[in-house]
Amino acid sequence: MPADFNWAIGGEAGDGIDSTGKIFAQALSRAGRHVFTSKDFASRIRGGYTAYKVRTSTEKVRSVVDRLDVLVALTPRTIEENMDELHEGSVIIYDGDRTTMSDVEIPDGMVDLDVPLKALAEDAGGAIMRNVVALGAACEATSFDIEHLDSSLKKRFGDKGQAIVENNKQAARLGQEYVQENYPDADLDYDLDTTDNDYVLLNGDEAIGMGAIAAGCKFYAGYPITPATDVMTYLKGRIEHFGGHVVQAEDELAAINLALGGARAGARSMTATSGPGIDLMTETFGLVATSETPLVIVDVMRSGPSTGMPTKQEQGDLNMMLYGGHGEIPRFVLAPTTVEECFWKTVEAFNLAEKYQTPVYLAADLAMAVTEQTFEPEAFDMDAVEIDRGKVVDEDTIEDHQTESGGFKPHEITEDGISPRAFPGTAGGAHMSTGLEHDEQGRRTEDTEMRVKQVDKRNRKVETAKEREDFSPREFGDADADNLIVTWGSNEGTLVEALEYLDDDDVDVRILSCPYIFPRADLTEEFEAADQVVVVECNATGQFADVVEHDTLQRVKRINKYDGVQFKADELAAEIKETLAADGQEVEA
Amino acid sequence: MSSQVRFTDFKSDKQPTWCPGCGDFGTMNGMMKALAETGNDPDNTFVVAGIGCSGKIGTYMHSYAIHGVHGRALPVGAGVKMANPDLEVMVAGGDGDGYSIGAGHFVHAVRRNVDMSYVVMDNRIYGLTKGQASPTSREDFETSTTPEGPQQPPVNPLALALASGATFIAQSFSSDALRHQEIVQKAIEHDGFGFVNVFSPCVTFNDVDTYDYFRDSLVDLAETDYDPTDREAAKEKVLDADKEYMGVLYQDEDSVPYEETHGLDSNMSEIDHDGAPEGAMDLVREFY
Ligand SMILES: Cc1ncc(C[n+]2csc(CCOP(=O)(O)OP(=O)(O)O)c2C)c(N)n1
Ligand code: SF4
């Protein structure tokens, strides 16, 4: 295990937990440390427990762990909620002057740092800065150079003017000095080394938005829903600089129809939502597919069904993305596996959508969407982005795709299943698109032969894609191991970390992380080569496990988590060991 | 565009399957003439059709077009126009499509004020599903699903539009060819959302709201000294329970369409870079 350090701030929603946590995470990132953040949040704006956790190391960190070294507790509940993760030597920073905190008891063995956060903040210019005082105290407790904090305070408050930035810097200094003076003997041996590395810190939603702009997306329509809203927030205020537009629709039905309109006009278009929104979009999804319109639809999954647990993790919408909609609909379903992949899969989604003229689902999940991670900026190398608009015809080439009487054939029957596409405004390209079954010109038909031809044509695109695209899974672990672990979505990072625990126990595994849900790679050979196959996913029934069992005609074992919390590396490693050992199979340990 | 465009250029080679005598024939003819008359041609025109007998209009017209899902034509039209403001966008559908399943979108399309026209073929019945009550059916209008009438007041689309902040509200009658064309033309020319409720009789299922009924009862505002820019006067007219009007009921001459307020003036179908756009690396640097 890399020597990592875990820090959290917790309190009531409305206490500024998120922004304070983010300031600290950014300071660490600027100091050249890797960061992985996670959020505990309830579905309410004020009141209700909420926490922002930061895991940091000089090495790459990919998941959350069950340990807290420094906790800033704004409420007694913060301590209760995190008791399991605190350990001997954990530092707890709190404000004993705060009425609710006046009689908390810091457990034996932990370092008790009672700092008058509010009073010191007032000295620096306002009580509102009490969280920043706590950050200063945390810097002292961890021997972390407070100047890194200064730069992230400047980033956060720069817009509000130099005076505000200075006040905040001062607030942090007061926190730092208070600990120096009042707890000179506290045994605080958490050294946060810095490095010269330059990292960027962002979450999955932001990476999706950035990927969309990089891919030339110009039109976004959405309706707010946790945990997908950040995609819209990110795009708004940025996409305009690239000639694009964001519209907040009246509901998800309007959102997907607006996006469909944008796509029909020829713009790269996208909408993002979470499960309940996908439900509403499903009817139009069928129209998008039948009219062969390129469209990217992001589902940032959360716990369902219905309103479920809106702020909790789940990967429960896979079946809906794979099979949702009446009739039979060719589609792509991509599942990014990391924050970085959120970017690249979004770029790819636009290319696939336009090359194959189909809707593309991007199956992201809450754990990835709200989690910030550090990356080398090269991870998002814009020079590596490619744009492929597929078979677009213009005034000169359109003649090859017209009937004798001059009618354009937007649904021309072709060998690869892909027809020509004319943007409105192209002379000679005027045509009708419809969700009704249609002929090559897009005109309604119930002709049995044409019906079959059109269905086959649309489905043929999937075969073509399988020939032309690489749908391989990402591989980790020991390529020769007898035990195969298969997963999709954000579990990848946790599994990669779990490898180290498994290694400690001499359990060798090969991991296949599948970013392509449909079409997908055929895993039959890999399954046959393995003694045991275990599919790991965050849902109760094993939706991806069902799919691969069907593909390979081989039974798999399943590890499912559906309590609303993502997997943790050590816990997952233990479960994998146990699952592999079940049925009398021997696992060397 | 080109001045040689004739309204027949907007006709497709599909023969309409509407019942002989259906009001939708006249409604469509007027729309095609209005489009040609306002200088449009099929290649720069985008028609979005709803679902219903009325929605079939997209099939019988020739232009870039999409036949949407039931009730959702308006957001599609808005998306088309936002993504390419150079296009002339016209949305068409029925009273069920627009005021029942699509009522929510109607209110928002009105307040969004995208520069497009919306023609509703109001026959006060569901035609395509064979004669059920529509949101504009009279309270006592007997149908197969409402044998005693809907027993609830009809939706008042004009008042709904006005209350939602409409910048152009008109009503027309499909069989008054000249007036109908003229009114649709005004909706096209309006800078913003041009809404026209067209009485387009269903000769098969509605024996109350007939050609004769409209011919006898409609008051043509062009024959009065009505001032459509007067919002107070418009309020009175749209809430008038005793009379129905033909003509432009309200027009805000200072209307600024969505595209202008939001600075949309480019054709977004164009992407002038093979890779990420210039300056994209700044997006990454922002996360330092
Ligand atoms: C989601 C959905 N629900 C129901 C239908 C069935 N449907 C088709 S047309 C229609 C009503 C059409 O009425 P109106 O808009 O008044 O058009 P008209 O046929 O009278 O021109 C209905 C309910 C459908 N196509 N889609
Ligand atoms: S049923 Fe009514 S609305 Fe439909 S085509 Fe016939 S007359 Fe027209």
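## Around ligand 1

Ligand 1 has 16 residues around it, and Cys53(B), Ser54(B), Gly96(B), Asp97(B) and Gly127(B) come nearest. Here a residue is near a molecule if one of its heavy atoms lies within 4 Å of it. The model is predicted: local features need pLDDT of at least 70, side-chain atom pairs count only at pLDDT 80 or more, and totals for chains, interfaces and linings use all residues. Residues are numbered from 1 along each chain as written, chains are lettered from A and ligands numbered from 1 in the order written, and side-chain values use heavy atoms, with hydrogens and water left out.

Chains A and B both supply residues around ligand 1, so the site is shared between chains. Helix H4 (residues 95-101) of chain B gives the largest share of the shell, 3 residues. A helix is a DSSP run (H or I, at least four residues), numbered from the N terminus.

## Polar contacts of ligand 1

A polar contact is a pair of N or O atoms within 3.5 Å. The side chain of Ser54(B) has an N or O atom 2.9 Å from an oxygen atom of ligand 1. A polar backbone atom of Gly96(B) is 2.9 Å from a ligand 1 oxygen atom. For Asp97(B), a backbone N or O atom lies 2.7 Å from an oxygen atom of ligand 1.

On its own, ligand 1 has 590 Å² of accessible area (Shrake-Rupley method, 1.4 Å probe). The protein covers 76% of that area.

## Around ligand 2

Ligand 2 is surrounded by residues including Trp18(B), Cys19(B), Cys22(B) and Phe205(B). Its shell has 7 nonpolar residues, 2 polar and no charged.

Definitions and conventions. Polar contact = N/O pair within 3.5 Å; in protein donor to acceptor, adjacent residues only side chain to side chain. Helix = DSSP H or I, 4+ residues; strand = E, 2+ residues; numbered from the N terminus. Nonpolar A, V, L, I, M, F, W, Y, C, P; charged D, E, K, R; others polar.
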